[in-house]
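Open the model in your viewer and keep the selection tool at hand. This tour tells you what to select at each stop and what is found there.

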Amino acid sequence: MKRTPEQYRDYKKIDFFYDEYFISSVREGNYHLNIFWIQVGEQFPETKPYMEEAAAWIMLLISQPVYQSKGREASWQKIQSQLPRIERRRNIVRIFKTYTKRAGQAAAVIILSLSLYDLSQQGQKTRSAGFGQKNHFVLPDESEIDLNSNSSLRYVRNWKSDKPREVWLKGEALFHVKHVAIKNRIRESDYFRVHAGGVVLTVTGTRFNVKDRRGVLEVALLEGSLRVEDESTHQVIASLKPGQSFTYKGAAEIQISEENDSRNITAWKDNEIRLNNSSVAAVIAGIEDNFGYKVVLLDSSLLNRHLSGTIPAKNLEDILFVLRQTLHVETQITGNQITIK
Amino acid sequence: MKDDLELWEEFRLGIESSFKSLFDSYYQQLFNYGHKFCVEDEVLEDSVQELFIKLWKNRERLNSTPSVKNYLFKAFRRVLFRKLAEQHRFSGIKAEFPFEIELAHDYTMISEERMRSLRAQLARALEKMSPRQREIIHLKFFEDMSYEEIARVMNLSPKSTYKLLYRAIDSLKEHMSPFNLLILLSLLKNMSN
């Protein structure tokens with residue numbers, strides 16, 4: 001809006017005193033020389049004394065004496081003398097902050113891993129070995145497990161309670177169970193139980209191999225004693241002595257045999273296949289079970305051939321090499337399939 | 001010559017010479033403003049020093065500011081008030097922080113007598129105001145601050161700042177010269193011109 005002298009026609013002293021434009025005119029110096037206020041004064045002479053008095057008031061306020069302090073340099077020197085100390089502290093604080101920030105992050109990671117560890121210890125834990133791999137590990141009770149290829153062991157980590165230690169096996173594993181019982185005082189919590197292939201194996205401290213492949217469960221006891229129960233009926237099926245093997249294909253087919261050489265049982269752990277007049281079919285089954293290949297035998301008559309001896313079985317090629325040499329066949333790997341001809 | 005905002009930015013980066021320049025340009029202003037609240041130089045010195053030491057300490061956390069003066073006045077006022085509050089606690093006085101305006105002594109555009117009379121009027125009017133009203137008048141006229149700036153310094157909303165100033169101005173009306181006298185004076189002055 002354009003400023004006009006008419007707007008100021010009825011202005012009194014207080015109105016001028018309060019008028020932003022008037023204040024700034026007075027502030028700038030001499031409002032008497034401002035053409036606009038001259039016009040206002042000429043058109044409305046009665047405003048002139050008001051303007052004058054308002055201007056005086058404004059000037060009285062604007063021109064207040066400034067309270068002088070002579071202490072500026074001294075004051076600055078006091079401030080300046082503090083600056084190095086402040087800088088030092090700032091640096092310390094900065095380092096501390098960085099440190100605590102990092103420490104905080106580290107702590108967070110540690111706490112997270114601890115809680116994850118706790119969680120994993122509370123819940124179920126599964127250890128496994130893929131095709132062509134083996135897995136050696138120690139359970140929380142210090143029992144040692146060797147897991148063969150294509151196998152897994154699941155367990156619940158609440159072994160601190162008075163319940164027996166329990167594991168669930170798929171595939172093949174060699175157990176070396178730590179004996180935890182105090183002599184002659186066996187409690188429930190001193191038992192170690194393996195669930196596999198529809199049976200429960202109960203031991204205290206022993207070494208044994210469990211193999212659950214193709215619906216056939218084979219248990220070979222190396223040391224100590226082992227009790228076999230039916231998982232659903234809890235009936236005791238067998239009780240093994242060291243050197244005995246137990247084969248189970250359901251309740252109808254139970255067989256206990258003697259195995260004199262424990263090395264035949266644990267050979268797989270040492271990457272060997274021990275053949276003691278074993279059928280080619282058993283070798284092929286082992287290849288399929290442990291390496292995950294489908295084996296096609298073009299000449300099915302070979303299945304009934306029997307082999308003896310020890311085959312290095314660190315990798316598939318070792319086994320195939322032996323088969324080629326002993327059976328005079330050719331082997332061909334195509335994708336997931338091995339053809340023997 | 002660098003302006004305040006440049007100096008402020010440089011100070012925030014930790015340049016001591018810029019910090020010193022800010023101190024030099026505002027020391028007197030802050031001291032003068034503080035003197036309206038408190039006549040003890042020592043308290044004012046301490047407050048200014050405390051303010052600047054704090055600024056240096058916290059410089060990285062400070063924001064850029066549209067008005068350095070506004071920022072410093074506000075911060076200084078806060079420091080000073082805390083010091084005064086401490087004093088009050090010791091002395092047991094629970095009073096509003098005072099604010100005294102000292103009007104200019106001589107202003108030669110009009111006659112000495114008239115000036116004296118106007119000055120007395122204004123002084124009386126100011127005396128009747130509350131300390132905070134006087135502070136507004138001072139910030140408005142002497143420090144040439146806008147409402148927004150006054151509001152920021154005094155930690156008030158712009159609306160209540162406006163109200164406070166309006167009431168202050170209103171109270172001035174009571175102390176105006178009688179209308180007739182003004183006319184008379186004006187006529188006299190015009191004749192003398």
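The stops below take chain B as a whole, then charged groups, then a pair of strands and some loops.

**Stop 1: chain B**

Before selecting anything, note that this is a predicted model. Now select chain B and colour it by secondary structure. How many helices and strands does chain B have? The secondary structure comes to 9 helices and 0 strands. Read from the N terminus on, the elements run α-α-α-α-α-α-α-α-α. Chain B has 193 residues, and buried residues make up 48% of them.

**Stop 2: a negative patch on chain B**

Select B:Glu40, B:Asp41, B:Glu42 and B:Asp46, and show their side chains. These residues gather on the surface in a patch of negative charge. Take B:Glu42 from this group: B:Glu42 sits in helix α3 of chain B. Is B:Glu42 buried or exposed? Its relative accessibility is 63%, so B:Glu42 counts as exposed. The cut-off for exposed is over 50% relative accessible area.

**Stop 3: a positive patch on both chains**

Stay with helix α3 of chain B, residues 41-57, and select B:Lys57, which lies in this helix. Which helix gives the most to the positive patch? Helix α5 of chain A, residues 72-122, does, with 3 residues. As for B:Lys57, the relative accessibility is 35%, so B:Lys57 counts as partly exposed.

**Stop 4: a salt bridge between the chains**

Over all chains, the count of salt bridges comes to 21. For one that involves both chains, select B:Asp24 and A:Arg72. Their side chains meet in a salt bridge, at 3.3 Å from N to O. Why does this pair join two chains? B:Asp24 lies in helix α2 of chain B, residues 16-37, whereas A:Arg72 lies in helix α5 of chain A, so the pair joins two chains. B:Asp24 is partly exposed, with a relative accessible area of 24%. A:Arg72 is also partly exposed, at 34%.

**Stop 5: salt bridges within chain A**

Select A:Arg274 and A:Glu272, which form a salt bridge. The closest N and O atoms of this pair are 3.9 Å apart. A distance within 4 Å is what the salt-bridge rule asks for, so this pair counts. A:Arg274 is partly exposed at 27% relative accessibility, and A:Glu272 is partly exposed at 29%.

Next select A:Arg324 and A:Glu317. In this salt bridge the closest N and O atoms are 2.7 Å apart. A:Arg324 has a relative accessibility of 24% and counts as partly exposed. A:Glu317 counts as partly exposed too, at 40%.

Salt bridges can also share partners: select A:Arg72, A:Glu73, B:Lys20 and B:Asp24, which are joined in this way into one network.

**Stop 6: a hairpin in chain A**

Select residues 331-334 of chain A, which are strand β17, and residues 337-340, which are strand β18. In which direction do they run, parallel or antiparallel? The two strands run antiparallel, and 4 bridges join them. To see one pairing, pick A:Thr331, which stands opposite A:Ile340 in β18(A). β17(A) and β18(A) form a hairpin with 2 residues between them. In the turn, select A:Gly335, whose phi is positive, at about 60 degrees.

**Stop 7: loops**

Select A:Asn271, in the loop between α6 (262-266) and β14 (272-279) of chain A. Phi of A:Asn271 is positive, near 60 degrees, and this residue is not a glycine.

Move to chain B and select B:Asp144, in the loop between α6 (131-142) and α7 (147-154). B:Asp144 is not a glycine, but has a positive phi of about 55 degrees. The relative accessible area of B:Asp144 is 44%, and B:Asp144 is partly exposed.

For the last stop, select A:Gly250, in the loop between β12 (244-248) and β13 (254-258) of chain A. A:Gly250 is partly exposed, with a relative accessible area of 26%.

Key:
Residues are numbered from 1 along each chain as its sequence is written. Chains are lettered from A and ligands numbered from 1 in the order in which they are written. This is a predicted model: local features need pLDDT of at least 70, side-chain atom pairs count only at pLDDT 80 or more; totals for chains, interfaces and linings use all residues. Side-chain values use heavy atoms; hydrogens and water are left out. Buried means under 20% relative accessible area, exposed over 50%, partly exposed in between (1.4 Å probe, protein chains only). Two strands pair if DSSP finds at least two bridges between them. Patches are made of residues with over 30% relative accessible area and no salt bridge: like charges are joined within 9 Å, nonpolar side chains (Val, Leu, Ile, Met, Phe, Trp, Tyr) within 5 Å. Accessible areas come from the Shrake-Rupley method with a 1.4 Å probe; for residues, only the protein chains shown count as cover. Lys and Arg count as positive and Asp and Glu as negative; His and the chain ends are not counted. The place of a charge is taken as NZ of Lys, CZ of Arg, CG of Asp or CD of Glu.
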